[in-house]
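Dear colleague,

I am passing on the structure we talked about, with a short account of what turned up when I went through it. Please read the notes with the coordinates open beside them.

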Amino acid sequence: FQVTDRIYQVRGFDISNMTIIEGSRGVIVIDPLVSSEIARAGIELYFQHRGRKPVTAVIYSHSHVDHFGGVRGVIDEADVKAGNVVIIAPDKFMEEVTKETILAGTPMLRRAMFQFGGLLPKGPRAQVDAGLGKVISRGTVTLIPPTQIIKQPIEVHTIDGVEMIFQLTPDTEAPAEMHMFYPGLRALNLAENATHNLHNIYPIRGAQVRDANAWAKYLNEARDRFATKADVVFAQHHWPVWGNARLLDYLAKQRDTYKYLHDQTLRLMSHGLKASEIAERLALPKSLEKEWHVRGYYGTFSHNAKAVYQRYLGWYDANPANLNPLPPVERAKKTIAYMGGAAAAIARAREDFAKGEYRWVADAMSQV
Ligand SMILES: [Zn+2]
């Protein structure tokens, strides 16, 4: 897909997008998808339409695997070692990649199977897509370490003839992330901080909770500094927004959504509500609730509000009974016995199920 003059994207090949910018000598690849086979197919598709050119630079917008895993499908490490290709990444990129894919890698990968449904059959009653894009590709995940790290809050570089202003956005959608503005092309790339759905302050695959306040702050900074001079805004998932008035409105509402989530969770926390009570009560205000691009097609207000609570107060809800309860199996046995045994509990659950009380039935029956 063409984004604007000299900027193209491969979309629909993987959960994420690969962005290709045409430079003076060759092309700059931003985020080479999840696996090398799919990244190779993606860049070949681009070459078919735009002609074969050398890859002169790779940029990793942030530290998640769907933004670097296919790198060996678009470049050869020998060319990096020979100095023919630069790889640019945000500050602390390698440290954060190590935390998510190695230190917490095993349980996070296991839980990602539940979040994205990768093992389900495909179809309308099974896996439709993965929210942020199509399914996660299952090829070979690779990594070549960056050769150039963006360390200052704002840095300006010319990469293969293209002027780029990098804006670090730590502790937003990823702990190491950055936006990019290309002033000559009047195009703003917001990595994964503005997508066409409410994103996750806490992804249910498991991760350190993110900072909704920082997220809003950096979107606001990008809007003030760059968006007024942009004709298109795009990200490394989903599709662009064209037209200056439309993209300013889009970014204001994205910013306001994360800020509202943060501020209103804190307000209700101060009134003494627990995370689950805040999650039940919090909803978008009228000014935002009718906007498609902030609705919960990926994250939800409910579990994100709990994440804001967790960031400030942790998992404990200050009820002593919840500090050291019996572990799940022992607790379930006693609870079901108190209910009069499994058969009695299931009989009542069937009645409630027929009445549509699905949340309660799922909760009670998870103990049988
Ligand atoms: Zn992503």
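Four donors count as tetrahedral if all angles lie between 85 and 135 degrees, four count as square planar and six as octahedral if opposite donors are over 155 degrees apart and all others between 65 and 115, and anything else is irregular. This is a predicted model, in which local features need pLDDT of at least 70 and side-chain atom pairs pLDDT 80 or more, while totals for chains, interfaces and linings use all residues. Residues are numbered from 1 along each chain as its sequence is written, and side-chain values use heavy atoms, with hydrogens and water left out.

The zinc ion is coordinated at 2.0 to 2.1 Å by D66 (OD), H67 (NE2), E192 (OE) and H237 (NE2), where donors are N, O and S atoms within 2.8 Å of the metal (3.2 Å for Na, K and Ca) and sites may look incomplete, water not being among the atoms. The angles among the four donor atoms run from 86 to 178°, and the site is irregular. Along the chain, the donors of the zinc ion follow the spacing D-H-x124-E-x44-H. D66 lies in the loop between β5 (55-59) and α2 (77-81) and H237 in the loop between β12 (232-234) and β13 (241-242), so the pair ties together parts that are 171 residues apart in sequence; helices (H or I, at least four residues) and strands (E, at least two) are DSSP runs, numbered from the N terminus. Both D66 and H237 are buried, that is, under 20% relative accessible area, with exposed meaning over 50% and partly exposed in between (1.4 Å probe, protein chains only).
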